[in-house]
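Please consult the sequence and the structure while reading.

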Amino acid sequence: METSYENDPVVIVSYCDDNYIPYLSVLIHSIKTNADQNRVYEIIIAEFDISVANKEKINGMCQSGNVKIRFLKVDQEAILQRSQKWKVGKWSKELYISILI
């Protein structure tokens with residue numbers, strides 16, 4: 001028996017801070033341009049201190065249609081404590097969170 005995933009959302013996870021908002025905007029624009037209109041796309045942004053203005057900008061890109069945005073606040077202190085426990089202190093928090101994802 002074959003399982004069909006056609007009705008499941010396409011989940012995309014990324015992480016971002018205010019410095020990467022322009023690149024995130026390009027990513028979202030590309031997804032919207034190339035998305036299958038019969039599918040729902042859920043973009044989860046693991047965020048490190050994104051300003052309210054930038055969140056509004058990103059949310060404004062997806063007010064209608066089949067692309068949804070959700071912000072997930074990442075506790076930087078917990079990430080740093082965990083990275084020290086695993087002896088990965090020389091890695092950036094961005095690299096470490098990508099490994100966790």
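The points below cover the basis of the model, the sheet, the helices and the cysteines.

This is a predicted model, in which local features need pLDDT of at least 70, side-chain atom pairs count only at pLDDT 80 or more, and totals for chains, interfaces and linings use all residues. Residues are numbered from 1 along each chain as its sequence is written, and side-chain values use heavy atoms, with hydrogens and water left out.

**Sheet**

- Three strands, in the order β1-β2-β3, form an open sheet with parallel pairing; strands are DSSP runs (E, at least two residues) numbered from the N terminus, and two of them pair if DSSP finds at least two bridges between them.
- The edges are β1 (10-16) and β3 (67-73), each of which pairs on one side only.
- On average, neighbouring strands of this sheet are turned by 20 degrees against each other, direction ignored.
- Strand β2 (residues 41-47) pairs with β3 in the parallel sense over seven bridges, and Y41 has V67 in β3 as its bridge partner.

**Helices**

- Helix α1 (residues 21-34) lies across β1, β2 and β3 and runs at about 170 degrees to β2; helices are DSSP runs (H or I, at least four residues).
- Helix α2 (residues 52-60) lies across β2 and β3, at about 155 degrees to β3.
- Axes are lines fitted to C-alpha atoms, for helices over the stretch in contact, and angles run from 0 to 180 degrees between N-to-C directions; contact means heavy atoms within 4.5 Å.

**Cysteines**

- The structure holds zero disulfides, a disulfide being a pair of cysteine sulfur atoms within 2.5 Å.
- C16 is buried, with a relative accessible area of 3%; buried means under 20% relative accessible area (1.4 Å probe, protein chains only).
- C62 is also buried, with a relative accessible area of 9%.

Note on methods
Buried means under 20% relative accessible area, exposed over 50%, partly exposed in between (1.4 Å probe, protein chains only).
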